[in-house]
Amino acid sequence: MNNTKFYYLYSILSTTALSFFNPILYIYLLSKDFSFTEVGLYLSIFWLASFMTELPCGAITDNIGAKNSILLSVVFRVVGLILLLSNSLILLYISAILSAIAESFQSGTLTSWLVNVNNKNNEEIDIDKVLSRSSLYALFFSAVIGFVSAKYVYVYYKSLSIILSMSVFIISFLFTYLFMQKLEQTQKISIENLKGSIVTVKNSLKETLYVKSSVFLMILFVIPSILDLGPSNQWQAVFEKLDADIIGYVWIGISVSGMLGSVIYEKLSNRLSKLRILYFFVIVNLGMLLMFIFIQNVYAKFILFMLFIVFFTLMSIQVNVFMHKYLVKSDENRTTTVSIFYTFESIIVAILLSVNGVLTDKVGIENTWLIFIGMVGVIILSFMFVKLKKRRIK
């Protein structure tokens with residue numbers, strides 16, 4: 001099978017599996033009588049575990065190979081979903097840890113594999129278009145599956161969405177095992193390879209953290225995640241209060257908006273290749289969220305949230321492209337270098353998710369969003385001020 005086609009098909013399968021439970025996860029956990037603080041801690045544990053495992057898993061992947069890493073990811077993911085079926089708070093938190101390990105083995109792995117395998121075969125690939133097109137395909141299936149899950153499956157039997165997600169992940173395991181190409185012929189999970197991971201980590205840290213511009217980029221790249229921290233996790237609770245029947249349609253809107261953002265990026269990728277555009281996207285989304293909070297009409301809220309998703313998708317693709325273009329210094333340590341960023345992102349988000357849960361119980365969802373909007377506003381204005389000051393000095 002063509003490597004790019006495999007990339008597209010796996011992305012579709014993975015997105016389909018996630019789309020069965022993503023649209024209902026937050027309200028699913030609340031329906032089990034977990035509080036906002038407990039759900040926030042669940043999400044925080046997920047990101048904290050991601051922080052602790054992202055870099056080791058990235059380094060291990062560079063030594064055992066992307067295929068083995070993807071297979072391990074699916075195994076951890078399925079076990080984590082099984083634990084979500086329980087009403088136990090302890091098992092919920094264990095599920096968060098296992099899901100984080102699964103995410104760490106997968107995050108950045110497939111894209112790095114695609115770039116490396118095409119480089120090895122001396123095949124040129126337009127990574128900008130592949131990423132945007134993959135996002136477009138995945139979001140189409142996400143829209144359909146997510147709508148069906150939220151509108152019908154979840155209503156019929158709440159846990160069925162989790163069960164169907166597990167089923168698709170198992171299919172993706174078989175698909176990967178049969179069709180994903182290995183970069184090396186003798187990749188095995190061994191003590192020697194795990195020891196080699198330590199060297200890989202050291203080399204990647206030297207290439208990334210010792211360069212001021214790379215550190216600056218990592219801080220800038222994590223800003224969209226901070227801005228989206230509340231909306232991405234709590235939109236279900238916001239719209240459920242307005243009209244529970246609208247959740248399925250909101251999910252379709254989110255997916256379509258994501259598809260629109262992907263198409264826009266693919267068409268304008270050459271014009272969106274400068275960092276100052278990222279500043280613009282952040283400022284626009286700050287405005288969208290502010291209007292979303294203060295305008296009470298449900299239809300106006302729907303439109304504003306969709307516009308937020310469009311610009312967030314543009315930011316997400318842009319950050320992903322920039323990582324592979326500017327952060328990565330060599331193909332050999334590509335996955336580990338990308339994992340350094342995800343490690344940094346994970347610890348920041350883990351801390352803030354816990355804060356988000358506590359604040360939500362105390363001051364409500366919308367006031368919590370306002371606090372985070374203010375935080376992002378201060379950071380982005382500080383960055384712009386420093387950049388302007390450097391220009392004046394020159």
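**View 1. Glutamate 366 and lysine 301 form a salt bridge, with their closest N and O atoms 3.4 Å apart.** A salt bridge here is a side-chain nitrogen of Lys or Arg within 4 Å of a carboxyl oxygen of Asp or Glu. This is a predicted model, in which local features need pLDDT of at least 70, side-chain atom pairs count only at pLDDT 80 or more, and totals for chains, interfaces and linings use all residues. Residues are numbered from 1 along each chain as its sequence is written, and side-chain values use heavy atoms, with hydrogens and water left out. Helices are DSSP runs of H or I with at least four residues, numbered from the N terminus. Lysine 301 is buried, at 1% relative accessibility. Glutamate 366 is partly exposed, at 29%. Buried means under 20% relative accessible area, exposed over 50%, and partly exposed in between (1.4 Å probe, protein chains only).

**View 2. Arginine 77 and glutamate 103 meet in a salt bridge, N to O 2.5 Å.** Arginine 77 belongs to helix H4 (residues 66-84) and glutamate 103 to helix H5 (residues 89-106), so the pair ties together parts 26 residues apart in sequence. Arginine 77 is buried, with a relative accessible area of 7%. Glutamate 103 is partly exposed, at 29%. The count of salt bridges comes to 2.

**View 3. Helices H4 and H5 cross at roughly 160°.** Their axes come within 8 Å. Axes are lines fitted to C-alpha atoms, for helices over the stretch in contact, and angles run from 0 to 180 degrees between N-to-C directions. H4 and H5 are therefore roughly antiparallel, a term for angles over 145 degrees. The contact of H4 with H5 has 13 nonpolar, 6 polar and 2 charged residues. Ala, Val, Leu, Ile, Met, Phe, Trp, Tyr, Cys and Pro count as nonpolar, Asp, Glu, Lys and Arg as charged, and the others, Gly among them, as polar. The H4 side includes Ile70, Phe76 and Arg77. The H5 side includes Leu98, Glu103 and Phe105. Contact means heavy atoms within 4.5 Å.

**View 4. Isoleucine 45 lies in helix H3 (residues 36-64).** Leaving aside neighbours within four places in sequence, isoleucine 45 is in contact with Tyr93, Ala96 and Ile97. Isoleucine 45 and alanine 96 are 51 residues apart in sequence. In space, their C-alpha atoms are 6.2 Å apart.

Terms used:
Helix = DSSP H or I, 4+ residues; strand = E, 2+ residues; numbered from the N terminus. Parallel < 35°, antiparallel > 145°, perpendicular 65-115°, else oblique.
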